[in-house]
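Please look through the structure shown here with me, one question at a time.

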Amino acid sequence: MSMPTPMPQPERENYLNKEYGVWSWLLTTDHKRIALLYLLSITFFFFIGGFFALLIRLELLTPAGDLVQADTYNKLFTMHGMVMVFFFLIPSIPAVLGNFLVPMMIGAKDLAFPRVNLLSWYLYIIGGVMMLHCMLTGGVDTGWTFYAPFATNFTNTKIVEAGLAIFVAGFSSILTGLNFVVTIHRMRAPGMTWSRLPLFIWAHYATSIIQLLGTPVIAVTIVLVAAERALHLGIFDPKLGGDPLLFQHLFWFYSHPAVYIMILPAMGVVTEIIACFSRKRIFGYSFVAFSSIAIAVFGFLVWAHHMFVAGMSVYAALVFSLLSYAVAVPSAIKVFNWTATLYKGSIHYDAPMLYAFGFLGLFTIGGLTGLFLAALGIDVHVTDTYFVVAHFHYIMVGGAVMGYLGGMHFWWPKISGRLYPEGWARLAALIVFIGFNLTFFPQFILGYMGMPRRYYDYSHMPEFQVLNVLSTAGATVLGVGYLLPMIYFLWSMRYGKPASDNPWNAAGLEWKTASPPPTFNFDEEPVVTWEAYNYEELDAPHSEEVPVGR
Amino acid sequence: MADNSAAAVQVNAHGEAHNPALLHHFAEPQQQRDAASLGMWVFLATEVMFFGGLFCAYLVYRRWYFGDFAAASKTINMGYGATNTAVLICSSLTVVLAVWAAQTARRTLLIVSLVITMLLGVTFLGIKGIEYREKFVEHHVPGASFSFDKVPIPGHPGQYANPRHAQLFFSLYFVMTGLHALHMIIGLGIFLWLLTMAWKGRFTPEWHTPVEIGGLYWHFVDIVWIYLFPLLYLIDRHP
Amino acid sequence: MAGHVDALYIFLLIVTGMMTLLIFVCLIYFAARYRHRPGVRAEQLEGSTPLEITWSAIPFVIFMVIFAWGATVYFKERTPPDDAAEVYVVAKQWMWKVEHAEGQREINELHVPVGRDVKLIMTSQDVIHSFYIPAFRIKQDVLPGRYTVEWFRATKPGVYHLFCAEYCGTQHSGMVGDIVVQEPAQYEAWMNGGSTGPLSVTGEKIFAELGCSTCHRTDTQGRGPNLQGVFGKPVQLEDGRTVTADENYVRECILDPGAKRVKGFQPIMPTFQGLVSEEQVNALVAYIKSISAAKPGHADEKSKTSASTAAPQIREEVQQNALPNAQSNGSQVQ
């Protein structure tokens with residue numbers, strides 16, 4: 001999939017056809033090629049994680065444990081979580097779309113540290129290979145949360161290897177964040193002031209801050225777990241007076257903000273799409289920009305809302321509940337501003353916009369069910385049940401993956417130089433939306449009825465079966481919805497119509513260069529003299545005369 | 001950066017002609033320097049969080065088991081720790097000298113400073129190794145052979161430290177000093193590379209960014225030790 | 001409790017339902033009303049600070065109402081009434097061992113009478129578990145090395161699910177059981193069958209067997225403190241701190257006597273870590289409570305919540321054989 005096919009018309013030199021051969025890809029420092037390397041690898045892990053999800057849903061079709069063994073099931077949900085979180089969701093938008101677009105959107109030739117960027121991909125691959133090796137030689141059965149003392153002293157599965165895989169992949173995430181922060185600070189084109197940055201950049205800036213400040217904490221936590229297992233040091237061991245709750249605090253200090261690593265970039269993508277397909281400047285630009293930063297900051301202060309029944313002090317629980325509501329406000333601001341952007345717009349229903357609508361619907365439901373979980377009295381009942389499972393899938397799959405797919409459709413012409421088939425894409429968006437709701441909405445009800453998560457066998461409570469069957473049925477629909485885009489994207493690389501430089505007539509510097517772009521992105525260094533989302537000028541009768549730096 | 005577009009292009013062409021160290025995607029050497037230095041500061045912020053998690057765990061247990069931690073802390077050799085602190089402070093000085101030498105094109109001084117810095121780093125690791133060996137001999141390494149019987153708690157006559165809590169202290173001691181030592185080893189690797197570059201005469205007053213950011217890293221590792229020393233060695237010492 | 005939780009839940013359903021409706025109606029209306037028409041251009045709007053403040057402030061106020069309500073419910077959930085009947089729960093991979101104050105033992109079952117407040121004092125022998133009764137809307141993690149508590153009052157006879165809600169290994173989904181809620185008469189009948197005597201009496205026997213009573217005498221001449229009337233009261237420690245003698249404190253004193261030594265006594269008590277099982281510690285705690293409880297439930301407010309907040313203690317070595325197996329009288333009813 002990495003090799004482009006020859007273009008039909010006399011072609012301009014671009015990043016895809018400049019060089020051919022395996023090494024020109026494996027040793028590239030071009031952020032766009034690295035983005036494609038990431039695209040290939042995260043797609044691979046997405047389908048592995050998806051395969052595990054399918055097996056989980058099949059097992060839960062009947063109350064008894066009949067498809068796989070209990071230990072196998074426990075490994076399945078653990079590996080599903082680890083693969084999807086650390087090897088798909090966290091790198092998904094930042095490492096693919098962010099890598100491709102951040103330099104172009106600010107008018108830079110590349111990221112600040114191209115070799116570090118390549119190193120980050122290699123670290124990801126090393127981590128990924130370690131994770132694959134770990135899965136093929138036995139796997140892990142602790143849940144992706146690694147709770148002590150089960151993970152440190154009791155299970156005999158491959159904790160250390162899985163931990164190291166995540167540690168290495170975490171480094172890759174840190175380096176990506178570092179590259180973005182420095183690039184956004186130091187590499188903006190002349191005239192590209194902070195208040196002219198696309199909101200996609202603001203979202204990635206906020207994301208990078210979380211990657212930089214959160215990831216090292218999970219890294220050191222993993223080191224402690226590995227030291228406890230491999231060297232018999234006892235940091236969390238209750239036998240030595242160690243505190244298993246300390247592990248949970250350290251774990252969630254990263255793993256809660258990690259949710260924002262997944263959702264903030266998706267918010268950035270959706271902002272770009274809504275502006276383009278409503279043909280409008282985004283409503284309340286500065287509020288949307290600063291709400292990203294606010295989410296990143298508040299996101300670091302709410303981790304213990306995962307621990308309301310863990311044995312924490314009642315007063316600590318109060319503080320964390322209060323702060324969790326504080327983080328809900330900037331999310332609400334974003335939703336209102338997106339909605340307001342549609343007002344008096346000129347709305348087109350192309351596939352990216354359908355994904356953005358899907359994002360808005362699912363994120364709204366996911367966000368509002370977060371209010372239930374932040375309410376202390378209710379959290380006691382629904383935490384560790386399918387209610388939580390449904391909630392975070394609405395955010396991380398309904399939100400982040402919808403945003404990712406929307407972004408892939410929106411920028412596919414830029415990435416590949418080809419147009420995807422619009423009809424199929426609209427159909428896929430619809431299938432994903434329906435399949436997703438069918439899979440996960442029943443789980444809210446299951447959760448309030450009391451079905452605990454990570455249950456292999458529910459023959460003790462057969463009344464849960466109907467909703468589980470619905471959920472499994474939805475999962476198959478969803479699976480089809482995810483396969484379709486992969487198929488038609490691949491198809492379009494050979495048979496798609498060649499894309500013009502700006503097929504959506506969209507604002508943003510990335511559309512002012514060729515599709516696909518040349519290796520250094522712009523033939524001439526762009527100079528920015530306009531605000532972001534200048535759709536008024538673009539749609540003006542003489543839009544051809546808008547300065548585009550060429 | 002926003003207002004000098006035309007000038008930037010000229011500087012770009014000018015810079016590329018004269019400075020082979022200027023990478024293609026930067027407009028001018030100043031931008032490249034700023035980016036490298038910001039990158040290192042940002043990286044050090046992540047390092048702060050990395051050690052921050054450890055310090056956090058340490059502080060929780062120290063508050064709970066103060067007496068046991070004080071007793072365990074007394075068994076590690078303060079002399080070694082103090083010497084190592086002095087060694088690292090001296091190495092920070094030589095790093096500053098190295099950066100100054102690079103700025104002022106004093107190649108010999110640069111090489112000498114780098115070598116002394118590395119020697120001080122190796123000294124630090126050597127002393128650390130002796131200390132680890134002592135702990136091993138005394139059965140203070142956590143695990144099956146750990147033993148910490150009848151060690152009195154300072155200031156509480158007749159009361160002995162709980163060996164389990166002492167084991168917790170030593171777990172943290174080894175993880176914290178071990179990760180710090182690992183950072184020292186990485187630092188030595190970086191300095192070895194700087195030394196070969198300096199030997200080949202690659203650094204000029206215009207371009208010596210690696211010396212600067214390598215120095216930043218070294219200072220950071222020193223500062224971590226400045227925190228580790230009192231926290232681990234001086235919990236409850238009195239003259 | 002279920003009523004309180006459900007009331008808040010329904011309130012939240014209505015509020016979030018209205019928010020969802022508002023957003024979806026706007027989305028769909030705008031999407032339809034402002035769909036692209038040839039020749040009609042979008043009208044650019046910069047944004048509006050008053051509007052932003054409005055739609056930040058109104059949700060914030062709503063959120064604060066939800067927060068306050070949720071916190072109130074949580075406080076009720078986390079504060080057991082003074083006169084609740086006490087039941088000790090020991091979790092292990094993968095079963096629940098239950099011991100009533102009256103001495104009845106059960107496995108994966110808990111019998112309670114209708115209308116009585118029941119307080120569970122829970123600990124784990126191995127990993128973290130979570131004691132979850134969906135019908136009562138309560139859940140609390142059960143940790144190794146310390147006590148956590150939860151409480152409920154059943155209002156309707158019947159059999160309810162008991163789940164382990166914190167993932168604990170291979171048979172996590174098999175760590176389920178039944179909460180059997182009975183009419184008081186039925187419950188009495190069940191209670192009278194096969195008991196080994198009240199837990200505090202068992203504790204008294206252990207107290208004597210281990211020789212505790214030689215130092216902890218009932219006068220002031222003992223080498224250890226007199227334990228009568230101690231439970232639930234503040235205790236002055238040697239290092240100047242004052243702690244409340246709650247379940248976790250008593251437990252810590254048995255397993256790690258040096259950690260919080262009472263003022264005026266020598267550090268001579270040996271640790272019983274590894275010598276007594278979780279069940280025996282529970283019995284000792286019950287005994288020490290019983291010699292303080294002239295009138296039940298005079299413990300002050302602090303001791304009730306602190307069971308879930310105190311610093312952890314050392315996990316007792318698991319001694320599978322050190323206790324009589326409770327299987328024999330685990331399920332006598334039904």
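Q: How many residues does the contact take from chain A and from chain B?
A: This is a predicted model, in which local features need pLDDT of at least 70, side-chain atom pairs count only at pLDDT 80 or more, and totals for chains, interfaces and linings use all residues. Residues are numbered from 1 along each chain as its sequence is written, while chains are lettered from A and ligands numbered from 1 in the order in which they are written. Two residues are in contact if their C-beta atoms, placed from the backbone, lie within 7 Å. On that basis the contact takes 38 residues from chain A and 36 residues from chain B.

Q: Which helix supplies the largest share of the side of chain A that touches chain B?
A: Helices here are DSSP runs (H or I, at least four residues) and strands are DSSP runs too (E, at least two), numbered from the N terminus. Helix H6 (159-186), helix H7 (199-230) and helix H8 (244-278) of chain A each supply at least two residues of this side. The largest share, nine residues, comes from H7(A).

Q: How do the residues of the side of chain A that touches chain B divide by class?
A: Ala, Val, Leu, Ile, Met, Phe, Trp, Tyr, Cys and Pro count as nonpolar, Asp, Glu, Lys and Arg as charged, and the others, Gly among them, as polar. With these classes, the side divides into 24 nonpolar, eight polar and six charged residues.

Q: Which helix gives the largest share of the side of chain A that touches chain C?
A: Here 75 residues of chain A are in contact with 74 residues of chain C. The elements that give two or more residues to this side of chain A include helix H3 (70-105), helix H9 (285-299) and helix H10 (314-342). The largest share, 14 residues, comes from H10(A).

Q: Why is strand E6 of chain C said to be largely enclosed by the rest of the structure?
A: A residue is buried if 20 or more other C-beta atoms lie within 10 Å of its own, exposed if 12 or fewer, and partly exposed in between, with C-beta atoms placed from the backbone. In a regular strand the side chains alternate between the two faces of the sheet. Both faces of E6(C) are covered, with His129(C), Phe131(C) and Ile133(C) buried on one side and Ser130(C) and Tyr132(C) buried on the other. Strand E6(C) (residues 129-133) is therefore largely enclosed, since the buried residues number five of the five.

Q: Which residue in E7(C) stands opposite His129(C)?
A: Two strands pair if DSSP finds at least two bridges between them, and E6(C) pairs with strand E7 (residues 138-142) of chain C in the antiparallel sense over five bridges. These two strands form a hairpin with four residues between them, and Arg137(C) in the turn has a positive phi of about 60 degrees. Opposite His129(C) stands Val142(C).

Q: Which residue of E9(C) is the bridge partner of Tyr132(C)?
A: Strand E9 (residues 158-164) of chain C pairs with E6(C) in the antiparallel sense over two bridges. In E9(C), the bridge partner of Tyr132(C) is Phe163(C).

Q: What distance separates the end C-alpha atoms of helix H4 of chain B?
A: The expected span of a helix is 1.5 Å times one less than its number of residues. The 26 residues of H4(B) (residues 78-103) should therefore span 38 Å, and this agrees with the distance between its end C-alpha atoms, which is 38 Å.

Q: Is Phe174(B) buried, partly exposed or exposed?
A: Phe174(B) is found in helix H6 (residues 163-199) of chain B. Because 19 other C-beta atoms lie within 10 Å, Phe174(B) is partly exposed.
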